[in-house]
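Here is a short briefing on one protein model. Look at the structure first, then work through the points by topic.

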Amino acid sequence: MQIHLNGQPYTLTEPINIVDLLQQLDLVSKRLAVEVNESIIPKSRHATTLLKADDYVEIVHAIGGG
């Protein structure tokens, strides 16, 4: 299954949720914002949001500063 991850093609072996994708990318403990098809997905919905073929996924690291 093919998705678009941060503007690049990315192949998944099976449909997965956002939590599983973040685990694959070793990003579980990071402060992130995840958008699927131009909609921000709250962290509370990461485990229940399944990715589908041709989804556009953007993952952005939250960086604090002053």
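A pocket is found on a 1 Å grid over the protein atoms alone: it is an open set of points where a 1.4 Å probe fits, with protein on both sides within 12 Å along at least five of seven lines, and lining residues have an atom within 4 Å of a point. Grid points are joined across faces, edges and corners, and a volume is the space filled by probe spheres set on the points. The largest pocket holds about 200 Å³ of space.

This is a predicted model: local features need pLDDT of at least 70, side-chain atom pairs count only at pLDDT 80 or more, and totals for chains, interfaces and linings use all residues. Residues are numbered from 1 along each chain as its sequence is written, and side-chain values use heavy atoms, with hydrogens and water left out.

**The largest pocket**

- The lining has 14 residues, and Leu22, Val28, Lys30, Lys43 and His46 lie nearest the centre.
- α1, β3 and β4 (39-41) each give two or more residues to this lining. Helices (H or I, at least four residues) and strands (E, at least two) are DSSP runs, numbered from the N terminus.
- β3 gives the most, with three residues.
- Ten lining residues are nonpolar, one is polar and three are charged. Here Ala, Val, Leu, Ile, Met, Phe, Trp, Tyr, Cys and Pro count as nonpolar, Asp, Glu, Lys and Arg as charged, and the others, Gly among them, as polar.

**The largest nonpolar core**

- A nonpolar core is a set of buried Ala, Val, Leu, Ile, Met, Phe, Trp, Tyr and Cys residues joined through side-chain atoms within 4.5 Å. Buried means under 20% relative accessible area, exposed over 50%, and partly exposed in between (1.4 Å probe, protein chains only).
- The largest such core has 14 residues; Ile18, Leu21, Val36, Leu51, Val57 and Ile59 have the most contacts inside it.
- β1 (2-5), α1 (18-24), β3 (32-36) and β5 (56-61) each supply at least two core residues.
- The largest share, three residues, comes from α1.

**Asn17**

- Asn17 is in the loop between β2 (8-11) and α1.
- Asn17 counts as buried because its relative accessibility is 13%.
- A polar atom of the Asn17 side chain lies 2.8 Å from the backbone nitrogen of Asp20.
- A polar atom of that Asn17 side chain also lies 2.9 Å from the backbone oxygen of Ala47.

**Asp26**

- Asp26 sits in the loop between α1 and β3.
- Asp26 is exposed because its relative accessible area is 63%.

Terms used
Polar contact = N/O pair within 3.5 Å; in protein donor to acceptor, adjacent residues only side chain to side chain.
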